[in-house]
Amino acid sequence: MADRAAIVTGASSGIGLAIARMLGRRGYGLTVAARRPEKLEEAAAGLRGEGFEVEVVAGNLGEEDAVKQVVAAHRERFGRLDVLVNNAGVGIGSAVADIQAKHLDMQLNINFRSIVLFHRECADLLRAAGAEHRNALIVNTSSISGKYGQAWLSVYSATKHAVVGWTQAMHKELAGEGIKSTALCPAFVD
């Protein structure tokens, strides 16, 4: 079993998959999560093909039960958590007058609420890692839209601003326990 372990959400492609790969290369056991099972299994197969230890949990991370399932599977497999990467996200563009409630709720739940829930569910594991080596890490993917509001992406921008604020607050709350929090704010990613 790996000496260190990480959870990476939104790990079926893009930034999440790249982070999972980087952590795997550094010897971390990985729990990867995303909403589309086929795409996630394909990504996990690639990670396993590189020799990484991988647990897979597919689900809608905007739902509390899915968050709990990811953490439970990770806890069962690895028994520790050194890095939590909250990367799952969704952006739906719309003029403010055309915002649909279902798109509002989806972005709020996946982009922000899931991050709060993952912090809560992983707190004991992160505190144990922080106590052990003073270097537990939480990475929350925000966006350049989380620093500068974007027209036609108002809800997405608001959720990503919330991610930045949450991350700053968590760093202040948890850094003394050896848990660092940081937010990534990339521009558009292909």
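Which residue of E2 stands opposite isoleucine 7? I looked it up and found threonine 31 in that place.

Before going on I noted that this is a predicted model, in which local features need pLDDT of at least 70 and side-chain atom pairs count only at pLDDT 80 or more, while totals for chains, interfaces and linings use all residues. Residues are numbered from 1 along each chain as its sequence is written, and side-chain values use heavy atoms, with hydrogens and water left out.

Entry on the strands. I took strands (E, at least two residues) and helices (H or I, at least four) as DSSP runs numbered from the N terminus, and strands as paired if DSSP finds at least two bridges between them. Strand E1 (residues 4-9) runs parallel to E2 and is joined to E2 by six bridges. On E2 I also found five bridges to strand E3 (residues 54-58), again parallel, with valine 32 partnered by valine 56 of E3. From E2 the chain passes through helix H2 (residues 37-49) to E3 in a right-handed β-α-β crossover, that is, clockwise from the first strand over the helix to the second with the strands pointing away from the viewer.

Entry on burial. I counted a residue as buried under 20% relative accessible area, exposed over 50% and partly exposed in between (1.4 Å probe, protein chains only). In E2 (residues 28-34), seven of seven residues are buried. Tyr28, Leu30, Val32 and Ala34 point one way from E2, and Gly29, Thr31 and Ala33 the other way. In a regular strand, side chains alternate between the two faces of the sheet.
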